Amino acid sequence: QLVESGGGTAKAGDSLQLSCEVPEYSRNRFVVGWFRRSTKLEFVAAMSYTGGTIFYSDAVKGRFTISNDASKSTVNLQMTGLKPEDTAVYYCVADLMGDRHRSGNWNSWGRGTQVTISS
């Protein structure tokens, strides 16, 4: 099971880091990522667990960084330059079977962690 941590409340311009514990079977499926839900569920970022190809949505490119820490079996999302529109529940996802932008193609989901950004 994927377990997120690190959400919370911050002000616009601040930084937050989210972490997700990734079980071994999901690490073996290679791809992990993040989605978020505010008014809609949207793709945020994804990477191969071995650290190769990385993808970001246009909304977060240049501000968010996805990475993995193999020693801790976690995938992290470093969020900088936060905006009020980044307010959402953030979900860690794994086990991709198709187009990464489609939520239905991710077979493993965490319970989510709330991020709230005030102006």
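Two strands are taken as paired if DSSP finds at least two bridges between them. Helices (H or I, at least four residues) and strands (E, at least two) are DSSP runs, numbered from the N terminus.

The structure is a predicted model, in which local features need pLDDT of at least 70 and side-chain atom pairs count only at pLDDT 80 or more, whereas totals for chains, interfaces and linings use all residues. Residues are numbered from 1 along each chain as its sequence is written, and side-chain values use heavy atoms, with hydrogens and water left out.

Strand β8 (residues 74-79) has two antiparallel partners. Strand β7 (residues 64-69) is joined to β8 by six bridges in the antiparallel sense, with Ser67 bridged to Asn76 of β8. Four residues lie between the strands in this hairpin of β7 and β8, where Ser73 adopts a positive phi near 55°. Strand β3 (residues 16-21) also runs antiparallel to β8, over six bridges; Leu18 has Leu77 in β8 as its bridge partner. Of the six residues in β8, five are buried (under 20% relative accessible area, with exposed being over 50% and partly exposed in between; 1.4 Å probe, protein chains only).

Strand β11 (residues 113-118) pairs in both senses. Strand β2 (residues 8-11) runs parallel to β11 and is joined to β11 by four bridges, and Thr9 is placed opposite Thr116. Strand β9 (residues 88-96) is antiparallel to β11, with three bridges, and Val89 is the bridge partner of Gln114.
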